[in-house]
Amino acid sequence: MKKRVSAFLVSCLLVAGALAGCSTASSPAAKPPTSNESQSSNNSAPATGTTDGGTKVFRLNISSEPSTADPGLADDNISSMVVSSTFDGMTRKGPDGKFHEAAAEKIEISEDGLTYTFHLRDAKWSNGDPVTAQDFEYAWKRALDPQTASDYAYQLFYLKKGADFNAGKATKDDVGVKALDDKTLEVHLENPTPFFLELTAFATYYPVNKKVAAANPKWAMEANTHVGNGPFKLETWAHKNKMSFVKNDSYWDKDNVKVDKIEVTMIEDQNTELSMFENDELDWAGGPFSTLPTDAIPALKDSGKFKVIPVANTYWYQFNIEKPPFNNVKIRKAFGYAIDRQAIIDNILQAGQIPATGLLPPTMAVKPDGYFRDHDTVLAKQLLAEGMQELGITKLPPLTLIFNTSEAHKKIAEAVQDQWKQTLGVDVKVANMEFKVYLDTLDSGNYQIARRGWVADFNDPVNFIEIFREKRGNNNTNWTNDKYNELLQQAAKERDLEKRKQLFGQAEQILMDEMPVAPIYFYTVSWLEGEKVAKGIYTDALGNGDLKYVEMK
């Protein structure tokens, strides 16, 4: 989220996960599980009961202010948490790891896999308006509209003419989504997309109340104007401080929402978060929406309270290839090869992460052994010298590595700073930024090296590979490659799954050969849950968290 996302997760996370199934014409999406059905093992804990005057309350912390509560604009895992709590897509992932009908009561898929017909159930927005097919059509076309400037617009390029409309080559009416009536949405795809019902559970595919959004462009930024169709309503939002959600009594599946209120604090410092948890001021600490202090992990492991699962996300450093000296591929590769990934995992993260020598996480990997050797100091030195000679320079310009505020990001940056000094003899400054400033800096291109993480939105290589298709959206490296894009186009039309996989492998090879990004590790998600939690945040194999299934005793 990402999920989701761009999905920029904070650190201390990842490895792999199971492929989540999606429905087909012959195998419709399963019915939503009840709250009594089993969740994954990460959601069980002894409980004694948390109530506030009879109200069941779940308290957690997030590491930063959400950038938006608008599903069409959400591009990080914190914002995705807000919108997944307050919205429902046509489908939703259940705690059984499968995708189920949500806003849609029935889904029909044509034999050729190109046409989906969604029949909506009777449901209401949190303001009492009926949820209609027109709301979905409006939301999807709104996210595709280039004037909206949605970083995740490309997730809708699977729709017929979706990419063309976003590029100004087609009209809104040409896009393959149309409300046939209030309860029926017909969708036409460019190519058969086997994971499409996974996509319809993703934030960019959520509906938006057309009447509300048209009347107030800033509807999503304040609690008193926010309108959703999900399990919770946004009750309060004290920006950069806290927010709260209350159970949405208008939600179609309200009987399976077992908490009355969710209270969210926004504290960047992980040590403060851990102290609040230990003082019973929080019911949850750590992933998937924050991180635990790396210094505390050994003791937490010994205590038996520490929980960890592998997830299909990647942590990397990226280079702005339009800023010298990273306009030279050999210098980019020198900096990438010089990193000692295993040392970072062993000495800083300590939660079972895997060194990343390719972009794709293990659940999607085409080449599991990667594309280069970790900490290849000899080749790194050679490439730096050759790159500087090609640029005609004898000294590198001042360099800065930026990251969003986080203890783990800081420690990783300082470790890599030292590794670059020891291996390459290069001095690099490190600078932390508040999350929104950091995102704005990336989007403006005013950086040289930056930390980045990608939370998978669905378990398919295209989820990672397509990021670098164009110089916009979540690709702020300014890198693009015609052959790479050609391979993506071939993969989109390829019906043979093995051939499709190999096309993605060829694209990943190009990416690693040119190295606009230097992968560092594959995440795990680790957390602590309080004794009063009966069922915690459902965290799937991709690292996406859902608050709908939380229960307190």
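Visitor: Is Lys410 buried, partly exposed or exposed?

Guide: Lys410 counts as partly exposed, because its relative accessibility is 41%. Please keep in mind that this is a predicted model.

Visitor: Thanks! Which residue does Lys410 form a salt bridge with?

Guide: Its partner is Glu414, and the closest N and O atoms are 2.7 Å apart. Glu414 is also in the partly exposed class, because its relative accessibility is 33%.

Visitor: Where do Glu414 and Lys410 sit in helix H11?

Guide: They are four residues apart in H11, which runs over residues 407–424, so about one helical turn separates them. In an α-helix there are 3.6 residues a turn, so residues three or four places apart point the same way.

Visitor: Staying with H11, how does the distance between its end C-alpha atoms fit the span it should have?

Guide: The two agree: 18 residues at 1.5 Å a residue should span 26 Å, and the end C-alpha atoms are 25 Å apart.

Visitor: Which residues in H11 are buried?

Guide: Quite a list, including Glu407, Ala408, His409, Ile412, Ala413, Val416, Trp420 and Leu424. Trp420 also turns up in an aromatic cluster, together with Tyr315, Tyr317, Phe319, Phe326, Phe335, Tyr521 and Tyr523.

Visitor: What does the Tyr315 and Tyr521 pair tie together?

Guide: Tyr315 lies in strand E13 (residues 307–319) and Tyr521 in strand E18 (residues 517–529), so the pair ties together parts that are 206 residues apart in sequence. Both Tyr315 and Tyr521 are buried.

Visitor: How is the aromatic pair of Trp316 and Phe468 arranged?

Guide: That one is tilted, with 6.1 Å from centre to centre and 50° between the planes. Trp316 is in strand E13, while Phe468 is in the loop between helix H13 (462–465) and helix H14 (482–493), so this pair ties together parts 152 residues apart in sequence. Trp316 counts as buried, because its relative accessibility is 1%. Phe468 is buried too, with a relative accessible area of 1%.

Visitor: Are Lys141 and Glu137 buried or exposed?

Guide: Both of them are buried.

Visitor: What about Arg469, which residue does it form a salt bridge with?

Guide: Glu466, with the closest N and O atoms 3.7 Å apart. Arg469 is partly exposed, because its relative accessible area is 24%, whereas Glu466 is buried at 3%.

Visitor: Last couple of spots. Where is Asp376?

Guide: Asp376 is in the loop between strand E14 (354–355) and helix H10 (377–391). Its relative accessibility is 12%, so Asp376 counts as buried. The Asp376 side chain makes a polar contact with the side chain of Arg373, at 3.1 Å.

Visitor: And which residues does Leu274 touch, leaving out those up to four places away in sequence?

Guide: Leu274 touches Pro293, Ala296 and Leu528. Leu274 belongs to helix H6 (residues 270–278), and it is buried, with a relative accessible area of 9%.

Visitor: How far apart in space are Leu274 and Ala343?

Guide: They are 25 Å apart, C-alpha to C-alpha, and 69 residues apart in sequence.

Note on methods
Residues are numbered from 1 along each chain as its sequence is written. This is a predicted model: local features need pLDDT of at least 70, side-chain atom pairs count only at pLDDT 80 or more; totals for chains, interfaces and linings use all residues. Side-chain values use heavy atoms; hydrogens and water are left out. Buried means under 20% relative accessible area, exposed over 50%, partly exposed in between (1.4 Å probe, protein chains only). A salt bridge is a side-chain nitrogen of Lys or Arg within 4 Å of a carboxyl oxygen of Asp or Glu. Helices (H or I, at least four residues) and strands (E, at least two) are DSSP runs, numbered from the N terminus. The expected span of a helix is 1.5 Å times one less than its number of residues. Rings of Phe, Tyr and Trp (its six-membered ring) pair if their centres lie within 6.5 Å; planes under 30 degrees apart count as stacked, over 60 as edge-to-face and the rest as tilted. Contact means heavy atoms within 4.5 Å. A polar contact is a pair of N or O atoms within 3.5 Å; within protein, one must be able to donate a hydrogen and the other to accept it, and residues adjacent in sequence count only if both atoms are side-chain atoms.
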